[in-house]
Amino acid sequence: MTNPTAMQVPPREGDPEITDEVVADHGLSPDEYERVQRIMGRDPTFTELGVFSAMWSEHCGYKNSKRLLRLLPTKAPWVIQGPGENAGVIDVGDGYALAFKIESHNHPSAVEPYQGAATGVGGILRDIFTMGARPVAVLDSLRFGDLDSGRVRYLFGGVVSGVGDYGNCVGIPNVGGEVQFDRGYEGNPIVNAMCLGLMKHEDLITASATGTGSPLMAVGARTGRDGIHGATFASEELSEDSDESSRPQVQVGDPFTEKLLLEASLELIASGAISGIQDMGAAGITSSASEMAGRGGSGIELEMTDVPVREEGMTPYEILLSESQERMLVVAHPGREDEVRAILEKWELEAEVIGQVTDDGKFRILENGNVVADIPALPLTEGCPTYEREGIESEEIIALREMDLSEHLIPEGDLSKSFLLLLASPNVASKQWIYHQYDTTVRTATAVRPGGDSGVIRIRGTSRGVAATTDCNGRFVYLEPRTGAMAAVAEAARNLVCVGALPTAITNNLNFGNPLKAHIYYQLREAVLGMRDACGAFETPVTGGNVSLFNETDGKAIYPTPVIGMVGVIDDVSKITRHAFRNVGDDIVLLGTNTGEFGGSEYLYVTADLVAGQPPSVDLDGERALQQAVLKMNHEEVLNSAHDCSEGGLASALAECALGSGESPLGVDVELDEDLRPVVSLFGESQGRILVSCGQEHTDTVLAIAARFDVPAAKIGSVTDGASGFSMKVRDATVSTSMSDVADAYFGAIPGIMDAPSGSEA
Amino acid sequence: MKVAVITFPGSNCDYDLYKAAQQVGGDATFMWHRERGLDGFDAVLLPGGFSYGDYLRAGAIARMSPIMEDVITFANAGGPVLGICNGFQILCESGLLPGALMHNNSLKFESKDVLLRVERADTLFTADYDAGQILRIPIAHGEGNYEADEETLEALEAEGRVVFRYVNAAGETSQDANPNGSWHNIAGITNEAGNVLGMMPHPERAMEELLGSTDGVALFTSMVGSLQTS
């Protein structure tokens, strides 16, 4: 199709004149504005400028990341829908498909944590149910500064309530996630929400506008003035005064309406009365309508005065760019508009025809019949300039990575105090304070709740389940982006195999600083390359995701944080393995080898306030073998528990296995024989290690399976009763403490900070 | 047993309750809140969730739904009515049960497994339990803190209408076992006639070992059994 040219549109009365300053305020560079002029063949109107600004923001247009994202593997026989739709979709067997995606709401959460986080959950739910899938699980991946700051406690508390209240009200169980506290996130919290939805293959629907003359309908909540330019806002750095001045750009969520919209949308899709449906998310009607037209290779025409609005006097510009929540754009089959209305009415919601699909390839906006915007649709959605920039590693980070850590490796003897200190670090400590605020059991399908290695949802009527996890250690990525990104993918895969799930696909959320800076672009490129290598090695293609750049406050960037949301499939949920030790007398076997790197460890952060050193290397072949070995052990039903070793190292992992949910802790008696400094053996965060326990009668089988896959494995001790306490010996060091001290440190840490009477200033 | 599961706008445990009823052989039907008529049903279940978003007060708007008139008629005629979580809140708001569910004393949503002691095994909801039996059942609510005036509490206790209480592993009604601050550790109560039960914990989520507990099953089998013998 040849690109149509824009028709002449007179300036709308009352709209501001377009000056260089207005263009800059819309986040467009002079070059980009020239490109707009070329596409239009004239100067854009103010309304058109707003549309380009939103669609060509980083948030919608991926202009600094698109070229890198093309490097990621996206295909596999089980991938039904790859990147480009509202969510990725994979086959999970027995006629079922899983839609899943992760999305960020970092900027709004930095400004208004409760609503920012709540609307983040709302948005990702809509991305899933607009694919025709019923949302069955939510996960949340969060990052904050250190909890000794009152501001951080306020952000943390608000985000957790926001994530919880929204999902609880809609009735979607939260099954997992992660949180990291580090000064690297002080000014810019990271709030990523992931959703999983299940459907039968035949229920899949996509978001494209086809069929000339098909009516376009606005469905759900009315359009108001909230969140105007949210997408552009999310593509800028924050500054000190952002939290006051940017509040109007944050949307307000209504989970009750969302629940009704969810049910109505699934009923609409089942009715066959519609051919396409899309969330009006970032950049509202503008992005939903233009993207649907772009995908359908069609055009669309919308009459602004037909859009149901909340307030009088809204301009086309405002209506187009509003990010009011809980709204959908639906393409109905001609003549079936009343069916659509009837379904929405049953759910006490509105549906109005606001335009139609055309065949002229234009994104055309009318106000009382007068054209106020007339833009070629394809250049608008696909013509966003993309950049490949120069990336240079920061000298400062190179110096940090190469720092000599030897003075920190000296401690030996009784290391019990360090051990308890580490367990009480919020990064290692129990996250019950968080997930006890989340409904985890609604929908009666949660086979593994938060607190395990992965959340598991069983598929009713089959023996199957789907597992999901989110992972990323931003410190590792900061110190060495490529290795750190590989580690994130590897950890996610380990978390899946620990419950017995085959790693199948990922969605990613790239949270980075300002890519216009060479050292940030370096991080972004290296992280994507690490992800590419790991996803290739594990056969876990990327089916979609989200990019959140410009996570900086006053010039200080967050740690590069490419969060991996990985899903896996379980054939037989009766074989699920959990992380807690089960029986006194079981053998404890460590799979994998401690490779000795100590950089970026929680121990260094807690004891020396240091994020430095060489982060753990990742052996992709070794990881793959480890995954296969653990899955084999799971299938053979020889394991009583399996748990990944991550933050806080082996000692912390052992404590978590012994404590379980905390109701009836068991004890640990372990002796290690490693040729490493004791602190590295105990607290090092070397990758590629999984801790399993098994009945003594199965130990030989476990070791034999490990050997068959060339995975190093050693029996390192046994599970004892809780009264025997926690005992580890390694060369010249010991850890010896009661389980009640272990439990107090681990379970008491976050409540001790957040629920302390004087601890909550807001 | 023909069971009506009432769906209000914002209910989100209706499907779980429907499945639980089916699991024990119940013939379950969803009833939308605007539908009318409960003739022919043997029991009515009010599910958990956030009817009307819990706006105003949990259950305060749902109780004005058209079908609630029928639920009240059904209950007054002696028909078994079970309200769980938001269903319990609606029963209190509608006057079928006394008292009110206030914000949890933690001021946070509380979601976890709790232990309940079965106070009476001679109700139509608990016949398949033993008195004193300890159950493991999930809770998930922000407003589950049961309160009533002194007179009502005395009457509830004197008439043995407290059916479930939050307890610790030793079976004691301790403060740390109480997840929401409910007076007298009350987790579930009946009306005077004993045919209406409201409870905050979710027995419909404790129906399978895979999901963590089967301690809810006996509540539903009790209902089926009572209906067959009556």
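User: Which residues of α23(A) meet α26(A)?
Analyst: On the α23(A) side they are Ala629(A), Lys632(A) and Met633(A). On the α26(A) side they are Val702(A), Ile705(A) and Ala706(A). The model is a predicted one.

User: What makes these residues a contact?
Analyst: The cut-off is 7 Å between C-beta atoms placed from the backbone. Ala629(A), Lys632(A) and Met633(A) meet their partners in α26(A) on that basis.

User: What is the make-up of the contact of α23(A) with α26(A) by class?
Analyst: It has five nonpolar residues, one charged residue and no polar ones. Lys counts as charged, while Ala, Val, Ile and Met count as nonpolar.

User: What describes the packing of α23(A) and α26(A)?
Analyst: Two packed helices are described by an angle and a distance between their axes. Helix α23 (residues 620–635) and helix α26 (residues 699–708) of chain A pack at about 145°. Their axes are 9 Å apart. The crossing is right-handed.

User: What makes β25(A) and β27(A) a pair?
Analyst: Pairing needs at least two bridges found by DSSP. Strand β25 (residues 667–672) and strand β27 (residues 713–720) of chain A have four bridges, so they pair. They run antiparallel. Val670(A) stands opposite Gly717(A) in β27(A).

User: How do β25(A) and β28(A) run, parallel or antiparallel?
Analyst: They run parallel. Five bridges join β25(A) to strand β28 (residues 726–730) of chain A. Val668(A) stands opposite Phe726(A) there.

User: Why is β18(A) called mostly covered?
Analyst: A residue is buried if 20 or more other C-beta atoms lie within 10 Å of its own. In strand β18 (residues 502–511) of chain A, nine of the 10 residues are buried, so the strand is called mostly covered.

User: Which strands pair with β18(A), and in which sense?
Analyst: Strand β22 (residues 561–570) of chain A pairs with β18(A) in the antiparallel sense, over nine bridges. Pro503(A) stands opposite Gly568(A) in β22(A). Strand β19 (residues 542–548) of chain A pairs with β18(A) in the parallel sense, over five bridges. Asn508(A) stands opposite Gly545(A) in β19(A).

User: What is the strand order of the open sheet of seven strands in chain A?
Analyst: The order is β8-β10-β7-β11-β9-β12-β13, and the pairing is mixed.

User: What makes β8 and β13 of chain A edge strands?
Analyst: β8 (274–279) and β13 (370–376) of chain A each pair on one side only. Neighbouring strands of this sheet are turned by 25° against each other on average, direction ignored.

User: How do you know that β8(A) pairs with β10(A)?
Analyst: Five bridges join β8(A) to strand β10 (residues 327–332) of chain A. Two would be enough, so the pair stands. The two strands run antiparallel. Ile274(A) stands opposite Ala332(A) in β10(A).

User: Which helix packs on this sheet, touching β8(A)?
Analyst: Helix α11 (residues 255–271) of chain A does. It also touches β7 (215–220) and β10 of chain A. The direction of α11(A) makes about 155° with that of β8(A).

User: How do you know that the radius of gyration of chain A agrees with a compact globule?
Analyst: For 762 residues the rule gives a value near 27 Å. Chain A has 26 Å, so it agrees. The C-alpha atoms fill a box of roughly 80 × 55 × 50 Å along the principal axes.

User: How much of chain A is buried, and which helices and strands does it hold by count?
Analyst: Buried residues make up 64% of the 762 residues. The secondary structure comes to 27 helices and 29 strands. Among contacts in chain A between residues at least 6 apart in sequence, 84% join residues at least 24 apart.

User: How many residues does each chain bring to the contact between A and B?
Analyst: Chain B brings 24 residues and chain A brings 24. On the chain B side, α1 (14–23), β6 (110–118) and β7 (134–141) each supply at least two residues. By class that side has 12 nonpolar, five polar and seven charged residues.

Key: Residues are numbered from 1 along each chain as its sequence is written. Chains are lettered from A and ligands numbered from 1 in the order in which they are written. This is a predicted model: local features need pLDDT of at least 70, side-chain atom pairs count only at pLDDT 80 or more; totals for chains, interfaces and linings use all residues. Two residues are in contact if their C-beta atoms, placed from the backbone, lie within 7 Å. Axes are lines fitted to C-alpha atoms, for helices over the stretch in contact, and angles run from 0 to 180 degrees between N-to-C directions. The radius of gyration is taken over C-alpha atoms; the globule rule is 2.2 Å times the number of residues to the power 0.38. A residue is buried if 20 or more other C-beta atoms lie within 10 Å of its own, exposed if 12 or fewer, and partly exposed in between; C-beta atoms are placed from the backbone. A crossing is left-handed if the near helix is turned anticlockwise from the far one by less than a right angle, and right-handed if clockwise.
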